[in-house]
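Reader: Hi! I'm new to reading protein models, and I'd like to go through this one with you. Could you help me get started?

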Amino acid sequence: MRQLAISGRGGVRIAFLTDGQLSEWRTQETGEHVGAGDVYYGRIADVKPGIQSAFVDIGCGQNAYLYVDDTLPAASGEKGKPSISERVQAGQYVICQVIKEGSELKAPKISLKISLQGRYLVYLPVEEGLSLSRKISAPEERQRLEQMIVPLLGSKEGVIVRTEAAEVDSEQLTSELAYLRKRWEGVCQQAAARKSPGRIGSDLDAVEAALREALAEGLDEVVVEDAATYQQVKAALAAFAADAQSLLRKHTGKAPLFDELGVQAKLERALQREVPLGNGGFLVFDRTEAMTVIDVNTGSFTGGGGQQREQAVTATNLEAAKEIARQLRLRDIGGIVIIDFIDMKEPANKERVLATLKKELARDAVPATVLGMTALGLVELTRKRVRASLVERLTEPCAACEGRGRVLRADECLRRLQDELAGLARSQQAEAAVVELSTRLFPLVDAGDGGTAAATNWPLRIYKREQPRLAPDGYRITYAGNAVEAERLSENNRKMT
């Protein structure tokens, strides 16, 4: 069963689940976060002909990276290999789109070739031409789509027809094209109104993008937690997937949606270095700046020698190949990946493991390429980096150990505390809570007189206390219930300290 679970409490959070297993986790960040697909009004800050690149101020505090291949051709036409200095000039204002999110050490990568994603079409407002998915193989269907769409396109605009468009009637395609074109007009209006660099639109917000991708993969249910987000999802489905409205369900349980589905525990496991396999083996993930290294271990395997061992090792490697593909998507690992499978003697078994890995990776919307097995038996692959990894999104370097370890981001800690308090407010009808916070988190909780957190920011009133002995990302709810009792306990704590 494929589920899409969405919560809008404390920021938009989205979980993709397959048969109860978490396969992908997304959030819609606020503030200065630069997300893939976001559209910006930017100013060329510096042009570097030596590396055929430019750096663009997009108003987020860090200049974005623009390569010459991601610029638009000059109107007069060009001969030979273009130069970045012929395409853009310092001080020039441009509309650009994020194609790769930045990381802790790398700037976000942008393109001047804008693409707006739909369920059936990808609209290219500044590039001419029509391209059809190669998976639409029937000649008559390709001809039908081409004859239908070409007359709808104006000059200097193009469309990529997605696989899902096959057999879709002209009314739906025309409606979606008009919808995407209207969104581009809105982006241009925002750009004209701006006087400085900044965000002017998103490819699609996180909810619509998740719905589009989940529907393409096959979806059985959409579960939404809060009323405002439920209405947003309902409106989005009505706009571009009316046939899927019956899949929508509002979560009405007392426990928070992600607690009921066990998502929080699954996220914790996804941050761990070791991943257990069903047969007793396990995977070990090690992350470096250059690549991610994955080691496959036999664990509790105690098989005998000879052919019996070869069969058991191959079975473990096959299971590992499936789990590695799932973990790469869940952890959002991009770039170079090296896998050290358990040694196999027979070439046929090595081919089976490689074939299984390729098959599982093909299910991922993010493209990955398996380059083969080296002489040392290491499998090399690359996975396109689109977003920051799960580790980068949920944690940050630990100041106490000079970056050698990581702790949960402060905003993630407070979001989890808010979820726990909301659950107590629902299940126990708690009015107030007493919370101990680490020295790092304590000043981040807005408080009124006497250390009382403002009720408007939390699902119930909380009384906070600083606890230096807690880990940097630690907090502890010491009481939840009656407001009078919570205030009495908080007053006693202050007297004791």
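Author: Happy to! Let's begin with Met373: apart from neighbours within four places in sequence, Met373 is in contact with Lys350, Leu354, Leu378 and Val379. Contact here means heavy atoms within 4.5 Å. This is a predicted model, in which local features need pLDDT of at least 70 and side-chain atom pairs count only at pLDDT 80 or more, while totals for chains, interfaces and linings use all residues. Residues are numbered from 1 along each chain as its sequence is written, and side-chain values use heavy atoms, with hydrogens and water left out.

Reader: Thanks! Where does Met373 lie?

Author: Met373 lies in strand E20, which covers residues 368-373. Strands (E, at least two residues) and helices (H or I, at least four) are DSSP runs, numbered from the N terminus.

Reader: And how does Met373 count in terms of relative accessibility?

Author: Met373 counts as partly exposed, at 25% relative accessibility. The classes are buried for under 20% relative accessible area, exposed for over 50%, and partly exposed in between, using a 1.4 Å probe and protein chains only.

Reader: What separates the C-alpha atoms of Met373 and Val296?

Author: They are separated by 15 Å, and the two residues are 77 apart along the chain.

Reader: Let's jump to Leu277. Is Leu277 buried or exposed?

Author: Leu277 is buried, because its relative accessibility is 8%. You'll find Leu277 in the loop between strand E16 (274-276) and strand E17 (282-287).

Reader: Which residues does Leu277 touch?

Author: Not counting residues up to four places away in sequence, Leu277 touches Phe282, Leu283, Thr316, Glu319, Ala320 and Glu323. For Glu323, 46 residues from Leu277 along the chain, the C-alpha atoms of the two are separated by 7.8 Å.

Reader: Now salt bridges. How many salt bridges does the structure hold?

Author: The structure holds 34 salt bridges. A salt bridge is a side-chain nitrogen of Lys or Arg within 4 Å of a carboxyl oxygen of Asp or Glu. Asp38 and Arg199 form one, with their closest N and O atoms 3.3 Å apart. That pair links distant parts of the chain, 161 residues apart: Asp38 is in the loop between strand E3 (21-27) and strand E4 (39-48), and Arg199 is in strand E13 (residues 198-201).

Reader: Which residue forms a salt bridge with Arg181?

Author: Glu157 does, and the closest N and O atoms are 2.8 Å apart. Arg181 lies in helix H3 (residues 170-193) and Glu157 in the loop between helix H2 (139-149) and strand E12 (158-161), so this pair ties together parts that are 24 residues apart in sequence. Arg181 counts as partly exposed at 23% relative accessibility, whereas Glu157 counts as buried at 9%.

Reader: Which residues are linked in a network of salt bridges?

Author: Among them are Arg2, Glu24, Arg26, Arg212 and Glu213. The network also includes Asp332, Asp364 and Arg393.

Reader: New topic: what is phi like at Lys156?

Author: Phi of Lys156 is near 60°, a positive value in a residue other than glycine. Most residues other than glycine have a negative phi. Lys156 is in the loop between H2 and E12, and it is exposed, with a relative accessible area of 59%.

Reader: Last one, the overall picture: how many helices and strands are in the protein?

Author: There are 12 helices and 27 strands. The C-alpha atoms fill a box of roughly 80 × 70 × 50 Å, taken along the principal axes. Buried residues make up 46% of the 497 residues in the protein.
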